[in-house]
Structure formats: C-alpha cells, structure tokens
Amino acid sequence: MAALGPLSRLAGLGCINRSRLMLNRVLQKRGIASCIDPSHGLTDEQKEFQKVAFDFAANEMAPNMAEWDQKEIFPVETMRKAAQLGFGGIYVRPDVGGSGLSRLDTSIIFEALSTGCVSTTAYISIHNMCAWMIDTFGNTNQREKYCPDLCSMERFASYCLTEPGSGSDAASLLTSAQQKGDHYVLNGSKAFISGGGDTDVYVVMCRTGGKGSKGISCLVVEKGTPGLSFGKKEKKVGWNSQPTRAVIFEDCAVPVTNRLGEEGQGFSIAMKGLNGGRINIASCSLGAAHASVLLARDHLLVRKQFGETLANSQFLQFKLAEMATKLVAARLLVREAATALQENRPDAVSICSMAKLFVTDECFNVCNQALQMHGGYGYLKDYAVQQFVRDIRVHQILEGTNEVMRMIISRNLLTEL
C-alpha cells in the first residue's frame with residue numbers, strides 16, 4: 001500500500017479537527033520566517049506581552065476557532081481567561097482595572113490574538129473600545145461602576161451607533177432620547193450590533209437635540225432595562241463567534257446619570273472611539289494575514305503537482321513574496337497610526353483612516369491569495385484559510401467603510417490647500 005501524503009493523512013479527521021491541527025502547526029512555527037517577524041522593532045516589554053498573546057491564541061483560541069465558527073459559539077469563558085491576562089481593558093487606566101497600555105501595545109496584542117481567531121478578537125477589540133469610552137468620557141462614578149467589570153469581562157459591552165437608515169451617514173441617526181425628569185426615554189433601533197443580546201452594557205448614540213451631529217448624546221444602557229429588546233440573531237458570512245442583533249428601544253427609560261459627557265457631545269465621543277477602533281480592526285486583519293501567509297507557505301512546501309512541490313514554482317514564489325511585502329507594509333502603517341493617535345498628532349485621524357483603508361484591503365487580498373494557493377482545498381472548511389477570508393471581509397465595511405476612509409483622507413488633503 002502506498003504511503004499517504006501529508007494532505008491525505010488528514011482526510012480521516014473530522015472537519016473541525018483537521019482545521020485545528022493544521023492551524024496549530026503553523027502557529028507553533030510563527031518565528032521561522034524572519035522577514036515577516038512581527039516582533040521586529042519592539043521593546044523587550046512589548047515582545048513579552050506579544051508572546052503572551054501569541055501563546056494564548058495558539059493554545060486557547062486556534063484549537064476552537066473552527067468550532068466557534070461552525071456552531072456560532074460566543075466563547076465567554078475563553079474571553080474571561082484573556083481578561084485575566086489584561087486583555088479586557090488594554091488601554092483603560094489601571095485605577096479602574098485596566099492595563100494602561102498604549103495604542104501601539106494594543107495593536108500588537110490584537111494582531112497576535114487574531115492569529116488564533118479573528119472573530120473573537122474583533123469582538124474583544126469592540127469591548128475594549130467601549131470600556132475606553134466610559135473610562136475617558138465618564139465621570140468618577142461611571143468609571144467606578146462600569147470599568148472594573150468590563151476589564152475583567154465579568155460584563156461585556158456593545159457599541160451602538162449604526163441604524164437601519166443610517167450607516168455611513170451616522171450623524172443622521174434617528175434613535176431619540178427625550179428627557180423626562182431624571183430619565184431619558186429612548187425610542188428607536190440600532191442595527192448590526194456586535195454582541196447584541198448577549199452583552200450586558202450598551203454604549204448608545206442617540207438624539208437628544210436637533211438635527212446633525214451636535215444633537216447627538218451618548219448613553220450607557222444596561223441589559224434588563226425595561227423597554228430594551230433585541231432582534232433575531234443574524235446569519236453572517238463570518239464573525240460567527242460573536243452574535244449580531246438589532247438593539248431595540250421602546251419607551252426605554254435610562255437615568256440621566258448614565259450619560260457620558262455633556263448633551264451634544266455624543267457624536268464626538270463616538271468618532272474618537274472609532275479612531276482607535278479602526279486601528280484595532282486593522283490589527284485584527286494583520287493577524288489573519290500573518291497566519292494566512294504561514295499557512296500558504298506550509299502548503300506550498302508539501303503540496304505536489306507535476307512531480308514537484310508548489311514551492312518550486314517561481315510564479316508562486318513571487319506571489320508569496322508579494323503577500324509577505326504587503327503584510328509588512330501594512331503592519332508598519334498600523335503601528336505608525338497607533339503612535340500618531342497615542343501622541344494626539346494633528347494627522348492622527350487621517351493616518352488612522354489610511355491604516356484602516358490600506359490594511360483591511362491588502363490583508364484581505366493576502367488571505368484571498370492564500371486561499372487561491374490552496375486550490376480546491378482552500379475552499380473546504382477543513383482548512384483555516386477560508387475562515388480567515390470570511391472573517392476579515394467585513395473589516396472593509398465596519399468601523400467606517402473604506403469608501404468613507406477615502407473621503408476622510410481626501411478631505412484632509414484638500415482642506416489644507
């Protein structure tokens with residue numbers, strides 16, 4: 001009987017087990033290709049928590065990534081384990097339980113975690129953004145009430161801006177909040193809310209004033225508040241380890257004391273949250289691209305066609321080189337944007353938009369090319385590369401579509417003349 005080849009030997013395993021085995025092999029060998037080593041240029045401290053994040057991704061996330069996707073499991077306990085490492089409030093201040101790290105540190109962590117599961121890491125990034133918004137714009141009572149449980153992930157948060165009728169035109173949102181005594185009464189709905197229905201704290205942008213961005217305020221709404229309900233769980237192409245639902249308000253009374261900042265400040269708060277969110281989601285794309293490059297490399301080394309391995313094809317060698325180059329260029333841009341935001345530079349908003357645009361586009365192309373290199377195998381759910389493709393496709397849409405990123409960048413260029 002002929003010896004089985006590397007791919008054939010996997011055929012007897014179940015779909016989830018095959019995906020788990022191949023991804024784990026790749027993640028355990030992440031440091032071999034020095035030209036794409038994500039630790040280049042980092043301090044010793046950054047290398048330490050990057051290693052912690054990579055190890056957590058390889059040991060706690062990658063073995064479960066396919067199952068979470070296929071069974072649509074929201075991995076609460078795994079995320080709480082991540083929070084024990086400080087990943088529940090990475091850039092939240094330490095006095096309320098946060099890790100107090102920089103935006104660059106945060107990007108490094110999210111890139112590493114995403115090699116184990118993009119979908120779960122992307123939710124963790126949204127949760128971190130919400131915790132940061134409360135930490136930054138909340139008063140002492142609000143920070144002490146919400147941040148410790150968010151940082152430990154005893155409670156989970158969702159960001160509520162998008163509505164059925166206002167996506168890219170976020171300032172046209174219609175969810176209203178009329179003040180009656182010491183409460184606001186909310187009416188309206190939010191769409192495509194990550195974690196919706198399963199999370200505990202909702203950071204909601206709503207209209208307390210007139211039309212436009214100046215009429216928007218930001219309220220914290222807790223699950224269980226009368227008048228708060230949720231739509232059906234959406235069926236999505238990717239991001240299946242986090243539920244997505246509409247969030248509905250019907251005469252939902254929320255204490256005035258739950259408002260972050262002043263009335264009319266909500267849109268500014270939302271946009272400041274998104275500047276960091278764009279870096280975070282780009283970092284998640286980096287992790288997917290990094291893992292996909294390694295998966296493609298390993299496939300080329302074992303897959304034989306026409307009597308030799310695919311690694312001997314100069315065409316595929318060149319494609320792999322292009323993928324690696326795009327990955328490293330994208331990583332450098334994300335880290336520049338993170339530094340700009342941390343330093344509050346005048347170009348921070350534009351650089352964050354550039355990072356989100358370039359990195360999510362190019363990392364999707366990298367993952368898609370990795371799938372193509374796998375041939376028909378890449379289209380099977382046995383192989384992790386298809387999940388990376390599915391999970392990061394939405395990164396070109398959310399946190400501001402890439403078309404909106406182009407608008408922000410061009411507006412900056414043209415108004416400086």
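How much area is buried between domain 1 and domain 2, and what percentage of it do carbon and sulfur atoms give?

## Domain 1 and domain 2

The buried area between domain 1 and domain 2 is about 2000 Å², and carbon and sulfur atoms give 60% of this area. On the domain 1 side, the residues that lose the most area to domain 2 are Glu-72, Phe-74 and Tyr-146, which together make up 29% of what that side buries. The model is predicted.

In terms of contacts, 24 residues of domain 1 touch 24 residues of domain 2. Taken over C-alpha atoms, the centres of domain 1 and domain 2 are 23 Å apart. There are 3 salt bridges between the two domains. The side chains of Lys-145 and Glu-222 form a salt bridge, with an N to O distance of 3.1 Å.

## Domain layout

The protein chain is assigned domain 1 (44-152), domain 2 (157-263) and domain 3 (267-415).

## The largest pocket

The largest pocket has a volume of about 1200 Å³. Its lining consists of 43 residues, and those nearest the centre are Thr-162, Ile-397, Leu-398, Glu-399 and Gly-400. By class, the lining of this pocket holds 22 nonpolar, 11 polar and 10 charged residues.

Both helices and strands contribute to the lining of the largest pocket. At least two residues each come from helix H6 (118-137), helix H8 (266-302), helix H10 (348-373), helix H11 (384-393) and helix H12 (402-415), and likewise from strand E1 (157-160) and strand E3 (183-194).

## The second largest pocket

Two or more lining residues come from each of H6, H8, helix H9 (314-342) and H10. H6 gives the most to this lining, with 3 residues.

The lining of the second largest pocket divides into 8 nonpolar, 6 polar and 4 charged residues. Helices H6, H8 and H10 are among the elements that supply at least two residues to the lining of the largest pocket, and H6, H8 and H10 also each give two or more to the lining of the second largest pocket.

Conventions. Residues are numbered from 1 along each chain as its sequence is written. This is a predicted model: local features need pLDDT of at least 70, side-chain atom pairs count only at pLDDT 80 or more; totals for chains, interfaces and linings use all residues. Side-chain values use heavy atoms; hydrogens and water are left out. On a 1 Å grid over the protein atoms alone, a cavity is a set of points where a 1.4 Å probe fits but cannot get out, and a pocket is an open set with protein on both sides within 12 Å along at least five of seven lines; lining residues have an atom within 4 Å of a point. Grid points are joined across faces, edges and corners, and a volume is the space filled by probe spheres set on the points. Helices (H or I, at least four residues) and strands (E, at least two) are DSSP runs, numbered from the N terminus. Ala, Val, Leu, Ile, Met, Phe, Trp, Tyr, Cys and Pro count as nonpolar, Asp, Glu, Lys and Arg as charged, and the others, Gly among them, as polar. Domain bounds come from an automatic or database domain assignment. Contact means heavy atoms within 4.5 Å. Buried area is the accessible area (1.4 Å probe) that two parts lose on being put together, summed over both. A salt bridge is a side-chain nitrogen of Lys or Arg within 4 Å of a carboxyl oxygen of Asp or Glu.
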